[in-house]
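My notes follow in the order I went through them.

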Amino acid sequence: MSRLVIVSNRVPSPRERSQLAGGLAVALREAIGGRETLWFGWSGSTSQNPPATPRVTRLGRIGFATIDLLPADYEGYYRGFSNGMLWPLFHYRTGLAEFRREDHAAYRRVNETFAAALAPLLRPGDLLWVHDYHLIPLGAALRRRGFSGRLGFFLHVPFPSPTIYEALPQGDALLADFAAYDVIGLQTQQDAANLNTLLAEGGFAVRASVFPIGIEPHAFAREAAAAAEGPEGVRLRESLADRALILGVDRLDYSKGIPQRFRGFEQLLKRFPEHRGRVTMLQIAPVSRGDVTQYRALRRELDELAGRINGMQAEFDWVPLRYLTQTVPRNTLAGFQRIAAIGLVTPLRDGMNLVAKEFVAAQDPQNPGALVLSRFAGAAHELAGALVFNPYDPDETAEALHIALTLPEAERRVRWQQMWEAVARNTAGAWARNFVARLEHAAAAAA
Ligand code: ADP
Ligand code: F6P
């Protein structure tokens, strides 16, 4: 069996490695199976004198190899080009994108640094699987260094329409970088169609395929059922005093539509006053990428909006919105999702949105909550039982919430069953196994 080499910007920290819980890590553990694996990426640290060779540690059949970045490289590669330019552009937010030639140069330099550090660790038969927008040029950089094995790439975020992509300076070079891979995976048909249009126009032969990412629903369901009865679950239920819980869980990111969500909730309270005093919205949004300008602006906006909504809408014995920017442990969150009557997921654009799938998995099948889901999440293509809406319209959000709050139990069960089947079919493990199988069968590129 070929060795699998996974490359991602973030690699599980030593503490996470012993349990390998959470999203990508869980999915990849499944793909790894009994295979020998090397996982390569950024250590999460910067240093003025990063060692030229990676730091390697082992855990069973998995080796972890990480490198530090120079502070200036981190700035330009991670903060600048990856999260200040590609992230907003790929999420259709051209107005938020900031391009600087020095950031672009740092992005290319770090990809070269990754390739230079990884190449000596590679063996001819390795299967290489590169992840996400930080590392698009890595495959081509490895080919230039003589790697002739199979190269796969999966993009976890959306790929924009060609008219949006056009705004990217040096976009042709990045497109040629995509074309260096043997297998390219995207989350949805729409994303694949967008990239394939550009690849065809550029005269490249490779085509992207769709591999929608999933979760491990059975494990998540067990965690949720246990945590809902744990001390935090009990405290949350007591604090709700029989009010219906509307729950939002996200990184504090402008792609998640959190201001739109708050305005939609405010509109619910104004237009459907029968819910006043009977619902509580809990938004958990720990700070993410807090050193990127656009994220700091969002935080200020939400602080002000949450304060205004509570100031205007609260009554002396009821506060409608609880807003937390600290982190909550994953299993506690799973329990909260089980307690919630409504999962409210509002991205303005999202590759998949795993929170939506986790909400489904967390429900009590006998009395499930309802999922109110933005049509702009990749998950909306799979979860037909959700109440799908357009988060740009606060009235539509309010109407969807009102319908969700008043759904009869029988209809909630039918909707949930449909969603559960989709979530249970397309697990994280199936996603990773499918991708690796495709890569294994791809014709090895000529050396
Ligand atoms: P993204 O990859 O953009 O962060 P996803 O919804 O696809 O969005 O995946 C997020 C993952 O991180 C999920 O597994 C989710 O449970 C976890 N997560 C999201 N928000 C939080 C939060 N507030 N606290 C803890 N974990 C979170
Ligand atoms: O899904 C997008 C993504 O960039 C993941 O690759 C990443 O793990 C997550 O969001 C959190 O972002 P960051 O690594 O920038 O903290």
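Predicted model: local features only at pLDDT ≥ 70, side-chain atom pairs only at ≥ 80, totals over all residues.

Entry one, the ligand. How many residues surround ligand 1, and which are the closest? I count 13 residues around ligand 1, and the closest are Arg251, Lys256, Pro286, Leu354 and Glu358.

I then went through the polar atoms of the ligand. The side chain of Arg251 has an N or O atom 2.7 Å from an oxygen atom of ligand 1. Lys256 also reaches an oxygen atom of ligand 1 with a side-chain N or O atom, at 2.8 Å. On the backbone side, I noted a polar atom of Ile284 at 3.4 Å from a nitrogen atom of the ligand. I looked up the area as well: ligand 1 on its own exposes 560 Å², and the protein buries 77% of that.

Next I asked which elements give two or more residues to the shell around ligand 1. They are α13 (330-339) and α14 (354-362). The largest share is from α14, with 3 residues. By type, I get 7 nonpolar, 5 charged and 1 polar residue in that shell.

I found Gln267 in helix α11, which runs over residues 258-271. Is Gln267 buried or exposed? Its relative accessibility is 19%, and the cut-off for buried is under 20%, so Gln267 counts as buried. I looked for a polar partner and got Asp395: the two side chains are joined by a polar contact of 3.1 Å. Leaving out residues up to four places away in sequence, Gln267 touches Phe272, Pro394, Asp395 and Ala398.

Helix α8 has 13 residues, 189-201, so at 1.5 Å a residue it should span 18 Å. The C-alpha atoms at its ends are 18 Å apart, which agrees.

Which residues of α8 are buried? My list reads Asp191, Ala192, Asn194, Leu195, Asn196, Leu198 and Leu199. I kept the helical repeat in mind while reading that list: an α-helix has 3.6 residues a turn, so residues three or four places apart point the same way. For the cover over the buried residues of α8, I noted α6 (162-165), α7 (171-178), β7 (183-186) and β8 (208-210) among the elements involved.

Last item: just after α8, I see Gly203 with a positive phi of about 80°.

How values were computed: Residues numbered from 1 in each chain as written. Chains lettered and ligands numbered in written order. Heavy atoms only, no water. Near = heavy atom within 4 Å. Polar contact = N/O pair within 3.5 Å; in protein donor to acceptor, adjacent residues only side chain to side chain. Areas by Shrake-Rupley, 256 points an atom, 1.4 Å probe, with all protein chains shown as cover. Helix = DSSP H or I, 4+ residues; strand = E, 2+ residues; numbered from the N terminus. Nonpolar A, V, L, I, M, F, W, Y, C, P; charged D, E, K, R; others polar. Buried < 20%, exposed > 50% of the residue type's maximum accessible area, 1.4 Å probe, protein only. Contact = heavy atoms within 4.5 Å. Expected span 1.5 Å × (residues − 1).
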